[in-house]
Amino acid sequence: MATQTFDTSDIDQYLGQPIESSQLREPIAANDIRRWVHAMHYPNRLHYDPDFAGEGRWGGLIAPQSFAIACDDGHGAAPACVGRIPESHLLFGGDEWFFNDVQIRPGDRISVLRVPYDYTVKETGFAGPTCFQRGDNIYTNQHGEEIAKQRSTAIRYSAAAGGASTDTGNAQDPQWTPAELEALEERKFTWIQSLHDLGHKPRYWDEVKVGDVLPERVFGPHSLASFATEWRAFYMSIWGAFKFRKQDLEAMGFTREMAGYENDPDMVLVNPELTDGAYIGPSRGHLNPEWARKIGMPRGYGYGASMGSWITDYLSGWAGEHGRVVHSIANYRGPALTGDITIQTAEVTETSVTGDGTHLVHVKHRMENQLGTVMATGSAEIALPARPGGPAQ
């Protein structure tokens, strides 16, 4: 397929113009936050144990920084998926997050403003001409406070070309021996123990040095069950949680077999089974290996929005409750596949102080599987407190 036949011209009319958003019907509940961290493999007691959280800085449960995306009806991809591209599929390509010092708490009502940003078409080995489309999601609470802005990247590509590129030789899950799984559990708990060790204590900026490495985080092996658990933590997967906007995925260019009625506000009142993308529609490739192979994946695969959340949780867990992620960039290179594990690492590349006195730690981060296959790379800036009475900067 030649690049000039990959028609993206319909996107232009949407750029810079806010698009419709769905609205959550009820405020955030404590169990919504608990369900989220459970699904995202993030056992930080600040977000699920009220006794521990009540003793800390915030005096009670707060949501992790990653939780904002759970409040969107499209995994954050909606403004990066506007305009018609005939006979196309979509994958997540990456995220850039800008976080403000505003926490999400039980009882909050979260709204999302969506604005398509830009796009470019590049030739890729995966699917030939491919559209990399970006859009902004701005998350605010009931007080009008901006929590975060997410600039999401969607990858839109020819359905036929994507399916033809599927590596069918990689269709089987890797096998783990009982001894390997036991060793893996010990390796996984090392990172969890680092969260316990930090507890309510601040991590001071003054004590961080260029070249320091963050504790390795490991979780998995992933499975269709774990991916389904992630899916169910997003409000969009719960019947009636949103007052859904009306959308026509087939009119946007999704193939008929993948479009379906996902999140359709009319069909959910008639036959809600048809509106659940885990079963029928554009998201079913995640949990159905046969459909995964139709869009270019060898077997069941994880959600891009979850991958971005893993990155935010990894960095904010290290920062502790007195720190926060200020800005992060994540470029997704490959999916989490069933049977694989995820390994996260990061290294401090710089420390700095902004004009308003915010003390920042700059890191580069990396995500890979057990074979060293890169899943994501990127960078981030993390705000930490300076030690009282420390040297002036």
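Throughout these legends, buried means under 20% relative accessible area, exposed over 50%, and partly exposed in between (1.4 Å probe, protein chains only). The model is predicted, so to speak of local features pLDDT of at least 70 is needed, side-chain atom pairs count only at pLDDT 80 or more, and totals for chains, interfaces and linings use all residues. Residues are numbered from 1 along each chain as its sequence is written, and side-chain values use heavy atoms, leaving out hydrogens and water.

**View 1. A stacked pair, Trp97 and Phe99.** Both Trp97 and Phe99 are buried. Their ring centres lie 5.2 Å apart with the planes at 5°, so the pair counts as stacked. Rings of Phe, Tyr and Trp (its six-membered ring) pair if their centres lie within 6.5 Å; planes under 30 degrees apart are stacked, over 60 edge-to-face, and the rest tilted. The whole structure holds 10 aromatic pairs.

**View 2. A ring cluster.** Here Trp36, Phe67, Phe234 and Tyr235 are linked by ring pairs.

**View 3. The largest nonpolar core, with 65 residues.** Such a core is a set of buried Ala, Val, Leu, Ile, Met, Phe, Trp, Tyr and Cys residues joined through side-chain atoms within 4.5 Å. Ile28, Trp36, Phe67 and Leu315 have the most contacts inside it. Another core, of 11 residues, lies apart from it and includes Tyr157 and Trp291.

**View 4. Charges over rings.** The charged end of Arg151 sits over the Tyr117 ring, 3.5 Å from its centre, and Lys122 lies over the face of Phe132, 5.6 Å from the ring centre. The criterion is NZ of Lys or CZ of Arg within 6 Å of the ring centre and within 35 degrees of the ring normal.
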